[in-house]
Structure formats: structure tokens, C-alpha cells
Amino acid sequence: MSVDTNPGDNSLERAGLDQKTWDELREIAARYPEARSGLLPMLHLVQSVEGRITPEGIEACAEVLGISAAEVNGVATFYTMYKRKPVGDYHVGVCTNTLCAVMGGDLIFERLKDHLDVGNDETTEDGKVTLEHIECNAACDYAPVMMVNWEFMDNQTPESAIQVVDDLRAGTEVHSTRGPRLGTWREAERVLAGFPDDRADEGPAAGAPSLVGLRIARENGWTAGTDTTGQDATAASTKGDDQ
Amino acid sequence: MTDMLTPVLTDNWDAERAWTLASYEEHGGYAALDKAFAMAPDDVINAVKESGLRGRGGAGFPTGMKWGFIPQDNPKPKYLVVNADESEPGTCKDTPLMLASPHTLVEGVIISSYAIRANTAFIYVRGEIIHVIRRLQRAVQEAYLAGHLGKNIHGSGYDLDLIVHAGAGAYICGEETALLEGLEGRRGQPRLRPPFPAVAGLYASPTVINNVESIASVPSIINHGAAWFAGMGTEKSNGYGIFSLSGHVTKPGQYEAPLGITLRELIDLAGGMREGHELKFWTPGGSSTPLLTPEHLDVPLDFESVGAAGSMLGTRALQLFDETTCVVRAVLRWTEFYKHESCGKCTPCREGTWWLTQTLARLEKGQGSEADLDLLLDQCDNILGRSFCALGDGATSPISSSIQHFRDEYLAHLSHGGCPFDHAASTVFSPVGADA
Amino acid sequence: MTTTDKAPDTVDTDLVTLTIDGVQVSVPKDTLVIRAAEQVGVQIPRFCDHPLLDPVGACRQCLVDIPDAGNGRGFPKPQASCTLPVAEGMVVNTQATSEVADKAQQGVMEFLLINHPLDCPVCDKGGECPLQNQAMSNGRGESRFAESGGVKRTFPKPINISAQVLLDRERCVLCARCTRFSEQVAGDPFIALAERGALQQVAIYEREPFESYFSGNAIQICPVGALTSADYRFRSRPFDLVSTPGVAEHDACGAAIRIDHRRGKVMRRLAGNEPEINEEWISDKDRFAFRYSQVDDRITYPQVREDGELRPASWTEAFAVAARGLRDAGAGAVLTGGRLTAEDAYAYAKFARVALQTNDVDFRARPHSAEEASFLASHVALSGGVTYADLEAAPVVVLLGLEPEDEAATIFLRLRKAARQGRTQVVSVAPWTSRGLQKMKGRLVPAVPGTEAEVIASLADAEHGVSKDAVILVGERLAGTHGALSAAADLAARTGARLAWVPRRAGDRGAVEAGALPNLLPGGRPLAEASARVDVAAAWGVESLPAKVGRDGNAIVAALAKGDLGGLVVAGVDPDDTADPAAFRAALDAAGFVVSLELRATGVTRVADVVLPVAPMTDKAGTFVTWDGRARDFDAVFTNPASLPDLRILSGIADELAALGQGAPLGFRTVGEVRAEMQALGPWDGARPAHDAGKAPRVGKAPKADSFTLATWKQLIDLGSMQDGEVHLRATARTPVVRLNRAAYESVFGMLEGEPGRDQLATVTGDRGSVTLPVAVADLPDGVVWVPARSFGRGVLAELASPGSSVTVKGAQQ
């Protein structure tokens, strides 16, 4: 039987979350014109605190938003970044969508499974690394791509990937190829909840493939022109003469 | 001579600390904002209409027209939502843009929101690109501190709040109504249309949803004029766009060029295909656009020409595969992706991708029969145009186009009793590839 | 047939003409193509579509070809007809005429079946399954999926999503009717879609079962066998069942039900489709609570007391013994309870006047007052100005002493629908904001029990929006506070708003109309009017009727205890429902002679001198008059000659009494004869009696500083005897809790911080006993405590205190 709770009354907070988390959950909900919009970031916060989506986290979100726990559960199980099993300090995602797979992602994933002795979506015994094959992560020009805590590890080989996980497990500092030094998965989830860390300025603006077209344009002096009359700019046009 | 490449959005990516406000302003950033504020909002909409800018997220709907659909007599608040859920396989243009120059997007958001009279805007960015999210968060924070966001921006009397919202892993949220569901804290399943978001979108209020690149293009249009923009590109596909080359090409990466450039030209710029190899098949705009072959190398990459060639321009995500690649394997993997990402709402997509995957997997292993190809095509026919949204349609594209172009390769799997390809040969670190 | 979702108060004259399968048809604008097609006799297959749920377009089974959308252009691809509104000049080709549509439908059906198990032979839905039927009509015979070696998705077989509802995920076609019903109609989103893609499934949250008062509707609208009830699972085959329409007997709403039975036994009950009343929904109580007449303590033969013990007797003997006993006991009275059909109530009303020659008759087996009797005579009898449709159309609906979700579930659903459409503001005078009120988006006007009259008077202020278009619904509990009913009547008079009385029981309103009251004769005739008495006496063929206004239930109890009354005829009264159960029991003991007409053994039958078994609902025809004055008649489900309705038994006793020289025969023996007599008598056409609030009762002692005023009502699913035998239903009841406001909670248990509040227990003590229950915090006024009335032991009246009286609250040990 269920206790007929009074959703409007938030006074009986009992889930095992600390007061700071409760406050931050409310803070997230308050960012939006309608509180329920905060649910996705709130679940990210739950993961940063709990290490996964826990029943306590689901109930807390339901209570803060005044919706049913079944509804929160429906959302938490829809999005793949929300994890029901505890995630290690480092979430290692190997892209095995077609392009990365063909370019070597499949092999990298196989080698990592062997090396770490885990299957897909499993965590090493030391609790350090959770391995997962992931879908296209919008870095195809850097294929094969691996993500560690959703930071880019571009242009991987089986060897480089193994080096990364070994370093992570050994506690050696690892840097993203286009981002900062790597923190923990929980720290990353906190950023996704909308509580920024101080790493925005780390890493480059762009990796080499992002700049390849720009460099060619620079070498050739190609531009889009700036004349509002369109005179110079049409130099770049491929339109027919009748234009 | 012709300027093959036209860096606009990518132009400042090589600047020192390009992501910072200081760098962006040093390169003329936020100047378009004052120009826009000097214009009436409707004039901004007209400028974007006149530029001919079409949605850069794949569908190519005219951006200015979309803005014009917002009923300004509706008393509800208006919202701008930027679709930064870049997830279409092969697509990788918005991510480097936001990473290198988030302020370009922020400035575009401010001008666009001003045009449609929104006082709250959102950037819905996929959660799996955390450093991009950091840069966006920082850029928004800087913009607030500099008075580009918040109350009475630049003394214009216009107020705008901008919220960076991290998604949580769902390709379907790239579909604009599913994105709204996600932004409202719900399961990302597409909504019934009508009502269209322009009338009843976020919180049932008038809402414009635009792709990152579309919004990021707006400051340049305001800065340089609609005619400047319209002067680039082809007759009905105006302006420039970022072309993302990936796969077996010598220099994969981002190439910003007028619409209408051909793949042959782009491959030339990119130093040709991987040495010793030749192009076998490619996607013009992500995995949901039907595969093309070398015979399409000279198709102008604009909306009309690619459509006429039997595919779609999509997101200009040019995934290039050479002859070492097994097309059946490629298509199976994409189909598994669609199965994984199907939201589950409608029957054809949910059940169809479940079945397609099984049929394809058997074929890839050399099991089944030639009749299975017709079965696949019939399944595709029962999905395409029968699904609730375009995800189901997209799932059929690789299958039907690959059977059209590479039927024999499917049959070869049957006769060979499995995949006749050496998958190692297609990897970047393959000795075959390196030695060749 | 429902073709639009128009507001009930608007008449749509805008017609749109289109062509479907070559047949031209005109339908109201905004009609969906799928329903327009029904007008031309074409059934387009569908799963997710339901006329009372928002369109969703998910299953894609209803695809049709639209060669012309009305603008000269066609759709290039088939369109879902369940989401597409008609347009002038539109051309629609369904599967009947279009190969494209037929192939599209066959394709979707094939997809639906690839993951559907082949367990139809053991599936409860088999034989009445839309999937099975439509697979036959719109699908292919063989599975290409199976032929091509496809592997089905499997899940562990059914899981309980509540004690009552089971979910078989393999069978589910993910149409989301159940989740949409729960969210949209019931407002109980305790089931939701979870996971995604082919693994998508309906799910509860592990610690929050699907305990909705309306969960059974989700089972009924499931188009496959994915949802089944623990009660009906594997019980019978639909083609072995006989269906009889009926009317739900658990409240005064008159919901249409369908009673499915086999070999003289009810197997299940379903919601009937009655657009003017319950649409297609019923509460779980109306659906699942019917075994109360099949339980072990059912009385099956007449009994008379001999040497202190009840022994079986023949009907003839029992009638004679009853008549002799009543005659010998002297002045007699009648107490009936509120569960009778109008025909039976009429028989009791007539029996009192004609056979016992008294007006000492009252159907109110619950706390009541003289003010209420006057209110019923002046404002309720013969009234009928408010309908369900009016509730949906009213800008404001005021609830006074009425918790619709618990006490009138059909009204609740209609008010939630109205509130969801944004047309209606619900305003409730109650002690706290219940979940039901939240689901109706209602506004609370808080009232401490005992202060309702003043609070109601304040509703006339403009801010509450009670205008002439408003509707005021008055619950029977309002009788518990002197002056409150008068204030309600006054509010209606001052604002012009319409007023309706919503009792809890199915027979209450009919009993008013039938004259089972000390101040009313049948047909709303005021007893005090000589001409009314003459009317009735003439119709009944008796010389005169007793003129003196009778005793009400409270006075009857007092008079029995005092010895002023000797005989008592009791029907369907549970002593623990009465205002003072101990006093009622004492009165029974003091009575000279008690005749009990009952279905099952009760506290009354155990002391009665004659016990006469009455026919259950299923064995007799009858009529319930609903709260809105609608006569809802029903036929007997079973023909059972040994099962006599109350009216036949009363007639038998009256005959014997007449033979003994007391009174006259009743002149009827069948339901039909009673109906004809009621019809002939007709309604009173004279002036309505004036309302008289009467004297205020003596004010009791002022409550002590640390005491609380007791607020209570009965929850829908509780320990009421008509839910006996329903283990699964009872298991879905809401956990009884004590509700306090936050300040009271903190004063009882200390500050909240770090305290797991819901695990605390409190003991509430009143002058009749005490109860210990878990505590929940609610927005109650200071000094008020709420407990459910019939969810523990013998209930609040028997074991705690009278509602509105003073109680104490203390923290209790776990």
C-alpha cells in the first residue's frame, strides 16, 4: 500500500541526500521558467552525488518537481548517460558507430575489453574504469574517437587507448586531446548539472582537423569577402553567370 | 579566380584563446549586435529572409520564414531554442564551432531572440561533449558580465536570459519536438504536429528551434548584409556552410565553403583519398542521407542537386569510405544505431529497426538468401513515411541506397559464406593502409 | 458515437464535407478522419486511438491514403487517421479502397506481431482482443519474421504493478493508452513508459505501485492482454460470458457498468459507456467490489429467534412472526440505510405509514440532523437542475463537505476533465488540500470542522467567483455542522448559483424521493401539508396518513432506548456507520422487537428477532436516483425465485399485520407494481416547503488548549462491508494515516530536520477510543487532525470520536 503523499508539501525530506544536494536540486529547478525543465540536469547532479541514478535520487527529483517517481524513472531510463549501475571513476566510451568502427573503433573496443577484462558497460574490479561502446560523438574528423568522462580522446589506436586506461588506473595525470586534464566522472556530471568547474580555459580552441580548411584558405588567401554590396563576395559564388 | 573556401564561422578558430570574450571581441565580435539593435525586429527577420539562409541542421527550411511564423500577437512568452544536440552519425561541425568560438553562437542567439522577441533562450547541447558545455557556460557567463545578456542589453531596452541545458544521451532529441520534450524534463519522444512549435512549442508557447550553425550564421548576415550572404552558394541554396570530411581521406576536417561545392573539389582540397585507395561510397549529410558513390563526385553539394541525385544534403557530414570498407558491415552498424536510438513511440521504427537489424546481421554473416534483400526493401517500404518522425525514415536510407548501389556485395556475402572483407585493412592504423 | 471533444455547452453547426472511400460525408469541423470514417461504416484498425484520450498517433495502425488534403494536393505518404482532422473537400481512401493504405496497415500489423507472443490460447484477452481481431482482418496469415529466423524480444512473464493489476510486457504493443489514461484522466501517473526503442515498456517506480482508484480502466482499454487483473485472471473466456448492463451501487453517481456472468455467478464488471454520466470510466470499487454478496456470511433463508437463538423458518412463518412481534411491541419505526433501490425505499416509506402507521422512518444511517431533513425537503427532493455536463461547463464548482475522489468518483473524473480543459475552477471548503483536489487543480478554502457555515458565507465574496453560472455541490457530511447546509442554501440564493446535494450512497437520493424521511412523503410531498397527505392516502387507498412529523434516526434511537418505541424494522444499516454506534447497539438491545432485512450477518441480525434475507443487487430490478436527480434503472442479472427484494418481504409482513388488524396491505408484490404505483403517484406539484435551520444544538465544552478538532471522511477503498471479499482491491487502498499540519507535527515529534517523518506514528484519542497510525503532514488549519473514517478497526465513529469533536494526539512508539 502506498502512503498518500501530499506532493505540494516538501517538508518531509527523507531520502538519503544531504541538505546541499536538496538545495542544489531546487536551485536547478529554479533556473527554468517551469521547474520540470530542470529534470535532466537534476539527474546529472544525482549521478555526481550518488555515482549513479539511485532510488533516493529519483524520489528526491519527484518530490522537488511534484511529479511521480514513475515519471522520473521513465526519464532516467530513456537517456543513455544515466546509469543504473555504479560507474567507475572514469567512464571510457569507445565510438563504434560506423565510421569510427571502420577506422579502428571496433578493434580498440575489443582490445580494451581484453585488457581491462570487462564486457560492455562493466567496471573494472578496482572500480576505476567503466567501459562502454558509444554512438557517434560528433568528432568524426578525429576518428577513431574515444571519450573519457565525455572528454575527447581523439585519433586513438589500440595502443594509445590502452595507455590511457593504464594511466588512469595508475593515477597518472591524463589530458584530453582537445580539453582539460581529466577529472572524475562524478565531477563531470556536476558540470553537466550546470555547476561549472574551472577548466573551461584548458585545452586548445581547436584540433588540427578542425582547422584544416581554414589553413588552406589562409594559404590561398581565400575569404568570404566583406562587402555588403556583394561585389567581392560573389568571387566565392558558384552561381551561374545569369546571377 | 574563385575562392574555394570561405571561412566565416571558422575564421577565428585559430585565434589565441578563441573561445574567450576578449578574443572574440578583438575579431569584431558583438558588433553585429548593435547593428541589429538599431534595426526593428521585423527588419532583422527580413534580413535573414533575404539572405536565403536555410536551416543548417539538415532539413534546410528557410530560417527567416521560420521566424516569421511566430505569432507576435500571441500573448505568451516567445522562446528561442538552439539545437546543439549534434548526434547524426558523421556530423561534427557544431561541436568544434562551440568549442572554438562559443561567442559566435551566443551573439547569434541574442540577435535571433531579439528578432523573434524572445526574452528567454536555451542552448540544448548534447551532454556527451562536456568541454563544449564548459566553454558555452563560460561564454554565457562572460556575456552576462559584459552586458551582452541580461537586462537592457547594450542600452537597447531589450532583455534576454540564456540557459545552457545539457542533454543526457538521446539521438532523437535532435528532432526538434523531441528536443522540446527533453528540455521540458520529459522522455525525448517527438510530439504531434500540428501544433507546430512556432505556435505551441516550449511550454506550449511560440518557439523557434534552430541549429547551431544557422544561429551562428546570423551575426555575419547582419554584419555584412543579406546580399553578401545570398551572393554565395547556388540559386536556392545560399551562403556558406561547414563541410565535415571524415573517413578515408588524407586530411579529414572542417571545410567552410559556399554551398554547391562538389565532393571532388573537397577531396582535392583534403589531399585526396587515403593514399593508394579510392572512394567507394559516401554520405552527403550523415547516415540518414542515402549513400552516394563515386559517380556522384561532381554533384553540387546544395539542397537541390543532392536531392536530385537521390539523397539529401543533410548536415554536410561527408563520411568517405574507400574500397577496403564492407558496405554491409557499415549499413548493419548504422542500423544498429537506429535501433539503439529509436525512441519507441511508433511501431514501424521501434519494431522495424528490431527486425531490420536481425535480417542484416544474418546477411552480414552470409546467412539467409537473396530473397532477404527484397524482404529488407519491403520492410523499409513499410517504415519509410509510415513512422512518426524522420528517424524511421533515416533508418531506411542506408539500407535501400546500399542495396541499390551494392546489391552484388550483399550477394557476395552469401556466396562467400560471410564477410569477404578484411576489416583490419580499413582501419587508420592498418599496415595495409599505411603501406599502400 | 463521440465525434468531437467540443464543450458540452456548445452546439457545433460547422460541418465539413469530405469523401471517404468514395462516399461523401459531412461531419463537424475538427472531427478526426478515423471517426469520420466510422460515419460511413468503415472501421479503420487502431490501437493507440481512444476517443476520450488526447490523440497521439503512436501505433500507426490507422494509416490511410489521402490523395487530396482538401487543397488539391495529396499527401505523398499514408497518414495516421487518428491525428488528422477532416478538411473541406478532403479525399480519404482507407484500406477498403486503397492498396497503399492496406499495405501500410498490413506492414504496421506485421511489425506489431513480430514481438508479440503466441500465447493467445492462455491469454485473458483472447476472444475480445483488438490485436487478435485486427490481425485477422488487417494482417497476413504467416509471419515473415519467424520464417526469416527472427528472434523475439522476451520479458519475464507478468509482473504485479499493484496488488490488483498485472503487466505482461511481451504482450504490450506500447500504444500508451494505459499511461495516457492514468496521466490525463485519472491524474495518477504511477505508470509511465520507461526505457526506449524496442525495450520500451510500461513501468511503475519500484517503490510506488500503480495504486490509482481508477486502475481498472487501464486494464479495460488495453487493446491486448498486457494488463490483467488479479481478480479476473484465468477466470473465464469472454465468449463464455453473458453480459448484462447495470448501474454501479457504490455511490450516488449512477455509473453505467456491464456485468459479465457465467452460470449464475458474476465473473467481472466493466465500465459501461454512458457519455452523459461516466463516459467510459468507473472507479476500481465499482469495478472490483461485487463479491460482498457471495461471501460466507450471506443470509440465505429466513430466521426467527426462539429461546434466544435464531433458527431457520419458512417465509410464511417468518412473515407471521415478524407481524406479530411488531404488533405486540407497540409503536414501531423504520431505519433503512442508504443502499436501497428507490422501489425498495418506497416500500419502506409506505410500510411505515400504512403498516406501522408512523412517520418514524429515516434512511440516514449516518450522522444527520433536523436541519438536514428540512434541507432535503426544501432543496433536494424533486431537484434536478445540475448535470454532469453542467459540471464540465461551469466556470466555478464549489465543493462543500465533499471529497469527490473518495465519495463520488465519477464526479471527480468529470471535474478533473473540466479543470484540465481549463474551463472550470474547483473551490473546496475542506480541512486540507487532498490529492484529489490537487488533481482537479482545485483551490482550498480551509475550514476547521464546525466553522463551515461561516466559511461558506464568505464564499459569496467576489474573489471566489461564485456567480449564477457556478455550481455548488453539497456533500452529506455538511449535515455534521449546524448551519452549514443553511449557509450553502443561502449562498446559492445570494449568488444564483445552482446547488446539488451529493450523498455517498446509491440509494440516498432515491430514498429522499421515495419519502423515507420523517418529514417527507413519496414524490417530494411535504408531510406537513394536509393536501399532500390526502393525495397519498387516496392513492394508497387508506383513510389517512399519520400527520405528526416523525422521529429522525437519532430520535428513533433515543426513543427505543427510552422505551417510547418498541418495534423496529431495520434494513441495510451497519451500526458502526451511525452517529453513535454504541447508542445504536443499545437501542437495538432495548427494542422490544427487531425485524432485520439483510443480505449478510451484521450487528443487527445478530440481535434481531426475525432475520429476512433480501435479494442482492444482481437478483432484482431497481432504480437508483443519482445525485443529479436522474433515475437509473436496471434489470435483474439473475432470475432467482428464492431471492426476494425488500419490497416483497415488506408486503408479506404488511399482509400479516393487516390480517392481525393493524394497518393495510401494501398492495404490491413486484418491482414492476411498485414502479407503476410510484409513476401513478407522481411528483408533488405544490410549493416546496421552506427551509428551516432549526435550533442550534447546545455548544459543547470549549476544547482544551492541547486538543485537536477531528476531521474525517471515508476513503474510496476502505473497510466498508461492500468491499468484503475483495482482497486485491483492498490491498490497493491508501495506507491510513493521521494528518497534522507542520506546526502540530513539530510540536508532537520535535523539529523535522533529519527526521524520517512518514515513519512516525501518532495516537489519536477521543471519547470513544483511540487509534495509532503513521503520520503525514498536510496543510490543515491549526488545531485540526484528520483520519480516514473507515480504514481501521470499526472506524472513527465506533472507536474514536464523533467528527468535529475534540481529540488528543500523541507521538507513539514504533
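**Exercise 1. Work out which residues pack α16(B) against α17(B), and how the two helices are oriented.**

Start with the contacts, where two residues count if their C-beta atoms, placed from the backbone, lie within 7 Å. From α16(B), B:Leu373, B:Leu376, B:Leu377, B:Cys380 and B:Ile383 take part. Their partners in α17(B) include B:Ala395, B:Ile399, B:Ile403 and B:Tyr410.

Next, sort the contact residues by class: 9 are nonpolar, 3 polar and 1 charged. Here Ala, Val, Leu, Ile, Met, Phe, Trp, Tyr, Cys and Pro count as nonpolar, Asp, Glu, Lys and Arg as charged, and the others, Gly among them, as polar.

Now the geometry: the axes of α16 (residues 371–383) and α17 (residues 390–416) of chain B come within 9 Å and cross at roughly 155°. Axes are lines fitted to C-alpha atoms over the stretch in contact, with angles from 0 to 180 degrees between N-to-C directions. The helices are therefore roughly antiparallel, a label for angles over 145 degrees.

A word on the model: it's predicted, so local features need pLDDT of at least 70 and side-chain atom pairs 80 or more, while totals for chains, interfaces and linings use all residues. Residues are numbered from 1 along each chain as its sequence is written, with chains lettered from A and ligands numbered from 1 in the order written.

**Exercise 2. Describe the side of chain B that touches chain A.**

Count first: chain B puts in 91 residues and chain A 79. Helix α7 (residues 130–145) of chain B gives the most to chain B's side, with 7 residues. By class, that side has 40 nonpolar, 35 polar and 16 charged residues.

Definitions and conventions: Helix = DSSP H or I, 4+ residues; strand = E, 2+ residues; numbered from the N terminus. Parallel < 35°, antiparallel > 145°, perpendicular 65-115°, else oblique.
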